[in-house]
Amino acid sequence: MGSLRGISVAILVLQALFASVALVSAQGSTNGSRWQTLNGKPPLVIAHGGFAGIFASSSFGAYSLALLTSLPNVILWCDVQLTRDAAGICFPDLKLDNNSDVATVYSDRKRTYLVNGVSTNGWFSIDFTFKELGNVILNQGVYSRTNKFDGQSYPIMTVQNTYAQLNPPGFWLNIQHDAFYAQHNLSMRSFVLSLTRNANLTISYISSPEVAFLQSIAPTFRRTATNLVFRFLGQNDVEPSTNQTYGSLLQNITFIKTFASGIIVPKSYIWPVDSQLYLLPSTSLVLDAHKDGLQVFASEFYNDVPFSFNYSYDPVAEYLQFVNNGQFSVDGVISDFPITPSAAIDCFAHLDRNASKQVDLLVISSNGASGDFPGCTDLAYSKAIQDGVDVIDCPVQMAMDGTPICMSSINLIDSTTVAQSSFSNLTTTIPEIMQGSGIFTFNMSWNDIQSLIPVISSPQSQYELFRNPKFRNAGKLLSLSDFLTMASNASSIQGVLISIENAVFLAEQGFGVTDAVLNALSKAGYNNQTAQKVMIQSSDSSVLMKFKSQTNYDLVYKINEDIGGTQNSTVDDIKRFATGVVISKDSVFPVNSAFITGVTSVVQRLQAANLSVYAETFSNEFTSQAWDFFSDATVEINSFFMGGGINGVVTDFPKTSNRYRRNRCLNRGNRTPGYMSPVQPGSLYQLITAPYLPPAEAPNPILTDADVVEPPLPPVAAKAPTSSPNSTAAAPRSPNGQPKVAASVILPLLTVLVAVCVLF
């Protein structure tokens, strides 16, 4: 059995996850807007098994984390199962083997039973006394989630012990299988009624998908504060006591009202999606139920399960669709990640689109809103502007005819269908630029490039997370001139960022990319205006030195490698040619196996030299984030800004970052709620017990003078003869003529995540 002392120590570490939680755990922010719930109050957050998205469902750790990170009136959900000796336990499933180590402890106790008429194999609570289950520990039952906390040895708890140890603001009992227990001479009704005689336990809600069970207890609870809720399952599933499908029962809401005051429905009952996972119009279910006086609770909310593409992988956006759509609001949401609906309800709901910014966080696009449309297209840039971006970016590449264009990569295969076009024979290998072969922009004219079809980037596709497939090939490619025209007509943005890479190589091939950019900016009138700033970004200091000698633009040095620190002299070198620096997220919060292990001093060292620090790349997909951020892009952004101290974000989903800096829960000092407090670096990592610790990794290297100082750009050579298709370029040299920090010692987040998946 798990040690309660050990659990208490673990919870002390949990409390360090969020700054100032103790000061606000009994508070909340104020949102005075009228809600379209049945009672006009804010929707409830029901923590499904606690914070089951991180810790084992129904464990002390999961429940404790839910209380620390949720609204002050959060309700803890307990799925009640009965043991052989009629003890009621909180456990997420009728079968014990998926969420505990029971199969290891009692390998010979596997049984087969009929469950709702289906033969089911496994380990069942009815075959064990509660004392026997004292030898069983809970574990993470969702295999795509981390198992690193299973070593905490959380025990299975009774309903009474769960309430007594946690003293939650609200307690919800879900009775899923009354009929099954009755078949084995165990009475769920008797157990529930026995709880009413416990003066130290208050039940806020009791739910069940079985009509007969709720009807049997309804008279007892009719004049109490406990609410009975009928739970709808799949529309084609059959309710056992009436032998009707749940879909047909939904047509008779007035019947439900005779024994319940509310209903639980899967979220698809309210906002259905089509076969491509795009939203269909909402149903009238919530409005109809409210007319009949029934509360509606929506279930099946998980930050780490793909949902409709309309939400752009942003779980906050999904919750807002259910509580703040202008037509209706559900009365509560049931979530494995209660931090997210808590923030959605308290910080973001009823937030005007033009609400004032609460913090000074610069939002820079990454190839426009490339999370929603193919990068560097007119649609991606228009969406970024619409979503409130401050600075739109253009990674400049050179076409064969000398036209500077906006393209996320010098290799057209990365962002267009060129490999499937008549230009596929232009494949070449250029080790100076990249490993492997590609079709490069400087080997095609701008007219030919314009004929290509753009392709949206899906950097998390290895996890089957694809971006906006309906618009996978939408949009028009832009030249730098087109981009600058679009930007100059966008009065809402602060400026443009132009990124230049491979300048040395291009100069040797006869392409003067820096001169092309200077000319384009001059022709677009950027030398004669102050309305929009110009930012020039490069990982090549010689490029920035050239612009420094000829312009007054903001110059941003990009550090491509993950670094753990920097020499003082190196910062001084950067200060000579730059006003800002772009660093990786890992250079702020280093990670191991997708857990944050600590925080570096990189941001503070750079800012001490009056250099602005921007971190990249912030994406909405949960697989791009450390476990510490709870599969929520808003938690990640908040932690990097409030905890990491960065000045700006580079993001392919500008809408998420722009909305974050306008939320009403910022700038509250010690009244900041837990769901808007930054995570504390390394706090989750400290909870990993020795058997589950990932192998130690070498620290990220220190940035040195040799990594930064580079010779001046060479003169632009005369155009070389066009290479034949499938040729191999000359011997490699680094694009900037200087060695870079070795990347072999750094394990990118995506590689780490793949390694984590292999563990399951």
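Okay, let's start with a word we'll need: a residue is "buried" if its relative accessible area is under 20%, "exposed" if that area is over 50%, and "partly exposed" in between, using a 1.4 Å probe and protein chains only. Take Asp 390: its relative accessibility is 2%, so it counts as buried.

Before going on, some housekeeping. What you see is a predicted model, where local features need pLDDT of at least 70, side-chain atom pairs count only at pLDDT 80 or more, and totals for chains, interfaces and linings use all residues. Residues are numbered from 1 along each chain as its sequence is written, and side-chain values use heavy atoms, with hydrogens and water left out.

Now, who does Asp 390 pair up with? Its side chain meets that of Lys 357 in a salt bridge, at 3.3 Å from N to O. By salt bridge I mean a side-chain nitrogen of Lys or Arg within 4 Å of a carboxyl oxygen of Asp or Glu. Side chains of opposite charge can pair when their charged atoms come close. Lys 357 sits in the loop between helix H14 (339–348) and strand E14 (362–365), and Asp 390 in the loop between helix H15 (378–386) and strand E15 (391–398), so the pair ties together parts that are 33 residues apart in sequence. Helices (H or I, at least four residues) and strands (E, at least two) are DSSP runs, numbered from the N terminus.

How many salt bridges does the structure hold? There are 16. One of them joins Arg 109 and Glu 132, with the closest N and O atoms 3.3 Å apart. Both of those residues are buried, and Arg 84 is linked with them in a network of salt bridges.

Another joins Arg 145 to Asp 304, with 2.7 Å between the closest N and O atoms. Arg 145 is in the loop between H5 and helix H6 (159–166), and Asp 304 is in the loop between strand E12 (295–301) and helix H13 (315–323), so this pair ties together parts 159 residues apart in sequence. Again, both partners are buried.

Last stop: Arg 467, in the loop between helix H16 (446–450) and helix H17 (480–488). Buried or exposed? With a relative accessible area of 2%, Arg 467 is buried. Beyond its neighbours within four places in sequence, its contacts (heavy atoms within 4.5 Å) include Tyr 313, Ser 370, Glu 621 and Asp 652.
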